[in-house]
Every structure is written in C-alpha cells, then in structure tokens.
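Subject: Structure handover

Hello,

Here is the structure for your files, with the sequence alongside. My notes on what was found follow below it.

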Amino acid sequence: MKIAWFAWLARHFGEYGYDDGPLRAAIGTGAVLVTAALLWFTLHRNRPAAVVATGLTCALGIGWLAFH
C-alpha cells in the first residue's frame, strides 16, 4: 500500500504544489508534523482532543502546503 501511495505521489508530484523542490516540500511537511506532535504532547491527557487536533493539523497543514 505504501509503495502504491509513493508511486501515485511521484506521478502527480507537480499537481500538488511541490514544484518548489523536494527539499522545500520536506521542510514544510516536517514543520507541520512537528507542530502536530507538539499538539499531541500538549493535549495528551485528553486523548480524543489530541487525536482530533493532531489529525486536523496534519490535514490542514499538508493541504495548505500542497495548494499554495
């Protein structure tokens, strides 16, 4: 499944705003993931809130990076 996902992403790489290069895409995606991890550790006592906040941060952050 992961190989199919990476193959699909490689074919459509230019359609999702990652034309700036793999380094900039990796830095932006990494920053979103670090932010999501910080939210998780901040809200870890309330697991449902942590899951929702982390998922929403990842989805919105990577989506914003992809289309801007």
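The crossing of helices H2 and H3 is right-handed. This is a predicted model, and every value below was computed from it. Helix H2 covers residues 22-42 and helix H3 covers residues 47-67; the two pack at an angle of about 165°, with their axes 9 Å apart. That angle makes H2 roughly antiparallel to H3, because anything over 145 degrees falls in that class.

On the H2 side, the contact is made by Gly 28, Thr 29, Val 32, Leu 33, Thr 35, Ala 36, Leu 39 and Trp 40. On the H3 side, the residues are Arg 47, Ala 50, Val 51, Ala 53, Thr 54, Thr 57, Cys 58, Gly 61, Ile 62 and Leu 65. Sorted by class, the contact of H2 with H3 has 11 nonpolar, six polar and one charged residues.

Some context on the whole chain. The protein has three helices and zero strands, and from the N terminus on its elements run α-α-α. Buried residues make up 18% of the 68 residues. Among contacts between residues at least 6 apart in sequence, 49% join residues at least 24 apart.

Now helix H3 itself. Which residues of H3 are buried? They are Ala 50, Ala 53, Thr 54, Thr 57, Gly 61 and Ala 66. What covers them includes H2.

- Ala 49 is found in helix H3. Its relative accessibility is 28%, so Ala 49 counts as partly exposed. Ala 49 and Leu 39 are 10 residues apart in sequence, and their C-alpha atoms are 9.6 Å apart in space.

- Leu 60 is also in helix H3. Is Leu 60 buried or exposed? With a relative accessible area of 56%, Leu 60 is exposed, because the cut-off for that class is over 50%. Between the C-alpha atoms of Leu 60 and Val 32 the separation is 9.1 Å, and the two residues are 28 apart along the chain. Val 32 is one of the H2 residues that make the contact with H3.

Regards

Methods: Residues numbered from 1 in each chain as written. Predicted model: local features only at pLDDT ≥ 70, side-chain atom pairs only at ≥ 80, totals over all residues. Heavy atoms only, no water. Axes fitted to C-alpha atoms, helices over the stretch in contact; angles between N-to-C directions. Helix = DSSP H or I, 4+ residues; strand = E, 2+ residues; numbered from the N terminus. Parallel < 35°, antiparallel > 145°, perpendicular 65-115°, else oblique. Left-handed = near helix turned anticlockwise from the far one by under 90°. Contact = heavy atoms within 4.5 Å. Nonpolar A, V, L, I, M, F, W, Y, C, P; charged D, E, K, R; others polar. Buried < 20%, exposed > 50% of the residue type's maximum accessible area, 1.4 Å probe, protein only.
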